[in-house]
Amino acid sequence: MKGLLLCVIVTGKLVQILAQNSTAAAGALRTTESPIDPYNRTQYCHWPCACPLSPPDCPPGVSLVTDGCDCCRTCAKQLGESCTEADTCDPHRELYCDYSKDRPRYEVGLCAHLVGVGCELNGRRFANGQNFQPNCKYKCTCVNGAIGCVPACRQSRPPLVWCQHPKSVRLLGRCCEQWICDQSKRLRKPAPRHVSMSAYGGDSEVWRKNCLVQTTGWSACSKTCGMGISTRVSNDNQHCHLGKERRLCLLRPCDVDITEHIKPGKRCLSVLKQTEPLHYTLSGCVSRRSYRPKYCGGCTDERCCGPLRTRTIPVTFTCPDGTSFSKDLMWINSCFCNLGCQNPNDIFTDLSYYPSYSEVSN
């Protein structure tokens with residue numbers, strides 16, 4: 001009995017020990033699972049919105065934006081300033097709210113720069129904002145993972161008048177294609193008003209008393225209607241000195257509607273001739289003789305008309321006080337109409353529409 005009792009006692013002790021251990025474990029489990037007071041996040045947005053009658057007056061350089069609650073207009077937070085769900089960082093300065101230092105609450109952050117990601121092209125990595133040139137024809141920039149490229153070759157238009165068979169080819173040693181003319185065809189003469197053959201040498205070189213005569217083409221008339229001025233540079237003088245020459249030009253009268261003279265079914269009238277003789281006037285002075293000039297016409301579409309062949313004539317003017325003087329005047333022989341409309345006051349017009357003479361005559 002004692003042995004059994006001992007056994008029972010031992011068993012009872014074991015049972016008691018186990019019961020004590022189970023009670024302790026249960027107490028520990030209750031301690032772990034017992035809910036603690038959770039962190040109550042601050043609510044920065046409140047609805048309905050209560051906005052001031054007038055938006056705030058932000059300092060110079062600070063954006064006026066809608067707050068993060070999508071309620072009111074507010075001054076955006078700047079770099080290094082505190083931000084919340086309501087206080088928005090300045091998006092125009094590429095700022096965002098960085099909550100990484102406010103763990104585990106993630107309530108209040110600091111405005112930091114938004115760092116863009118780089119780009120990859122053909123196995124090469126490029127940093128955000130990096131400029132690079134994958135080949136000679138394009139210039140590219142990495143912008144936050146996207147690659148934007150622009151052509152490096154100027155897209156010039158083919159010659160409009162003096163080259164009958166233009167061809168765009170790739171020349172040896174040059175990346176960009178250039179316009180050339182059919183070698184079997186000669187350039188139309190006279191050359192365009194903005195290209196001087198003698199100024200570029202070749203068969204048109206003219207020597208006078210040990211002077212290589214060089215003359216640029218006449219510039220576009222300073223006015224599209226009415227009396228204007230056209231200029232060029234030339235050393236065709238006794239001392240072989242380069243100087244600016246001027247001549248009067250009258251492309252068309254301002255009080256005439258060219259489109260009224262276009263024939264039915266046509267869209268352009270290249271040349272309009274003066275029906276009755278007229279006297280030119282300049283600063284109150286009148287030309288001694290009368291003229292019947294030709295004018296460049298116009299189109300009803302996007303084309304415009306300009307001089308093709310011209311010459312220079314002297315015109316003598318007589319003033320009311322009896323004095324007289326002579327001026328050179330552009331006399332229009334023919335005109336042409338095309339899409340290469342030019343602004344007389346734009347010095348870059350020729351660069352946009354015409355390739356260089358060397359490209360055409362190569």
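A disulfide is a pair of cysteine sulfur atoms within 2.5 Å. A disulfide is a covalent bond between the sulfur atoms of two cysteines. The model is predicted, so local features need pLDDT of at least 70, side-chain atom pairs count only at pLDDT 80 or more, and totals for chains, interfaces and linings use all residues. Residues are numbered from 1 along each chain as its sequence is written, and side-chain values use heavy atoms, with hydrogens and water left out.

**Cys-45 and Cys-69**

- A disulfide joins Cys-45 to Cys-69, with an S to S distance of 1.8 Å.
- The link of Cys-45 and Cys-69 is left-handed, with -85° about the S-S bond.
- This pair links distant parts of the chain, 24 residues apart: Cys-45 is in the loop between helix H1 (2-33) and strand E1 (64-66), and Cys-69 is in the loop between E1 and strand E2 (73-75).
- Helices (H or I, at least four residues) and strands (E, at least two) are DSSP runs, numbered from the N terminus.
- Cys-45 and Cys-69 are both buried; buried means under 20% relative accessible area, exposed over 50%, and partly exposed in between (1.4 Å probe, protein chains only).

**Cys-136 and Cys-175**

- Cys-136 and Cys-175 are joined by a disulfide, S to S 1.8 Å.
- The torsion about the S-S bond of Cys-136 and Cys-175 is about 80°, so this disulfide is right-handed.
- The two cysteines are 39 residues apart and link distant parts of the chain, with Cys-136 in the loop between strand E8 (131-135) and strand E9 (138-143), and Cys-175 in the loop between strand E11 (166-169) and strand E12 (178-181).
- Cys-136 has a relative accessible area of 36% and is therefore partly exposed, whereas Cys-175, at 16%, counts as buried.

**Cys-140 and Cys-149**

- A disulfide also joins Cys-140 to Cys-149, S to S 2.0 Å.
- With 105° about the S-S bond, this link of Cys-140 and Cys-149 is right-handed.
- Cys-140 is buried because its relative accessibility is 2%, while Cys-149 is partly exposed at 42%.

**His-261**

- His-261 lies in the loop between strand E16 (243-250) and strand E17 (268-273).
- His-261 counts as partly exposed because its relative accessibility is 41%.
- Leaving aside residues up to four places away in sequence, His-261 touches Val-256, Leu-269 and Leu-272, where contact means heavy atoms within 4.5 Å.
- His-261 and Gly-297 are 36 residues apart along the chain, and their C-alpha atoms are separated by 8.9 Å.
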